[in-house]
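Hi there,

Here is the structure I promised to pass on to you. Please have a look at it first, and then read my notes below.

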Amino acid sequence: MQSIAETVEGQKMAVKILKKAEAGTAVETTAKTKPEKKTPGQAKRLPIDGLNFEQPQRLRVGHLLSLFQISAPQFYKMRIAGKIPEPAGHFGTGVRPTPFWLTTQIRPFITGEVSNG
């Protein structure tokens with residue numbers, strides 16, 4: 001069953017609301033619906049199958065979450081504390097470029113050559 005504010009295709013439209021005015025006359029007002037914004041979420045775990053730690057490959061935050069078996073907030077706390085190395089570079093430009101690490105840079109943390117916390 002569809003709500004009044006939705007059309008047949010599922011798109012939202014403006015809804016007209018009639019309010020009672022003085023002496024029985026009706027006043028028509030229009031309530032506009034705002035478009036839904038896509039809000040950025042936290043990093044999600046990414047698959048780590050096929051990674052070769054002998055050659056430099058780029059790892060994103062999601063790969064590191066899977067490798068270290070930690071949550072996104074825990075990852076960022078470790079990064080601030082200096083327990084995770086600085087990124088090797090960033091994808092893209094602009095307000096929030098995406099950081100990446102190299103497998104050769106992370107290998108010592110996985111093998112235990114460097115303590116990560």
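First, a term that comes up throughout: a residue is called buried when its relative accessible area is under 20%, exposed when it is over 50%, and partly exposed in between (1.4 Å probe, protein chains only). The model is a predicted one, in which local features need pLDDT of at least 70 and side-chain atom pairs count only at pLDDT 80 or more, while totals for chains, interfaces and linings use all residues. Residues are numbered from 1 along each chain as its sequence is written, and side-chain values use heavy atoms, with hydrogens and water left out.

**Overall layout**

The chain has three helices and five strands, and from the N terminus their order is β-β-β-α-α-β-β-α. Helices (H or I, at least four residues) and strands (E, at least two) are DSSP runs, numbered from the N terminus. Of the 117 residues, 20% are buried. A contact here means heavy atoms within 4.5 Å. Among contacts between residues at least 6 apart in sequence, 38% join residues at least 24 apart.

**The sheet**

Three strands make an open, antiparallel sheet in the order S3-S5-S4. S3 and S4 are at the edges with a single partner strand each, so one side of each has no neighbour in the sheet. Two strands pair if DSSP finds at least two bridges between them; S4 and S5 run antiparallel and are joined by three. In this pairing, Gly89 is opposite Phe100 in S5.

**Helix H3 and what covers it**

H3 lies across S3 and S5, at about 70 degrees to S5. For this angle and those that follow, axes are lines fitted to C-alpha atoms, for helices over the stretch in contact, and angles run from 0 to 180 degrees between N-to-C directions. The buried residues of H3 are Thr103, Ile106, Pro108 and Phe109, and their cover includes S3, H1 and strand S5 (98–102). After H3 comes Gly112, with a positive phi near 95 degrees.

H3 also takes part in the one salt bridge of the structure. A salt bridge is counted when a side-chain nitrogen of Lys or Arg is within 4 Å of a carboxyl oxygen of Asp or Glu. Here the side chains of Arg107 and Glu54 meet at 3.3 Å, N to O. The pair links distant parts of the chain, 53 residues apart: Arg107 is in helix H3 (residues 103–111), and Glu54 is in the loop between strand S2 (26–31) and strand S3 (58–59). Arg107 is partly exposed at 26% relative accessibility, whereas Glu54 is exposed at 60%.

**The helix pair H1 and H2**

How do H1 and H2 pack? Their axes are 10 Å apart and the angle is about 95 degrees. That makes H1 roughly perpendicular to H2 (65 to 115 degrees; under 35 counts as roughly parallel, over 145 as roughly antiparallel, and the rest as oblique). Val61, Leu64 and Leu65 in H1 meet Ala72, Phe75 and Tyr76 in H2. His63 also belongs to helix H1 (residues 61–68) and is buried at 14% relative accessibility. Leaving aside neighbours within four places in sequence, His63 is in contact with Leu46, Pro47, Ile48 and Arg58.

Ile84 is in the loop between helix H2 (72–80) and strand S4 (89–91). Is Ile84 buried or exposed? At 2% relative accessibility, Ile84 counts as buried. Beyond its neighbours within four places in sequence, Ile84 contacts Phe68, Phe75, Met78, Arg79 and Trp101. The C-alpha atoms of Ile84 and Ile106 are separated by 8.5 Å, with the two residues 22 apart along the chain.

Glu86 is also placed in the loop between H2 and S4, but is exposed, with a relative accessible area of 55%. Leaving aside neighbours within four places in sequence, Glu86 is in contact with Arg79, Trp101 and Gln105. Glu86 and Trp101 are 15 residues apart along the chain, and their C-alpha atoms are separated by 7.9 Å.

Best wishes
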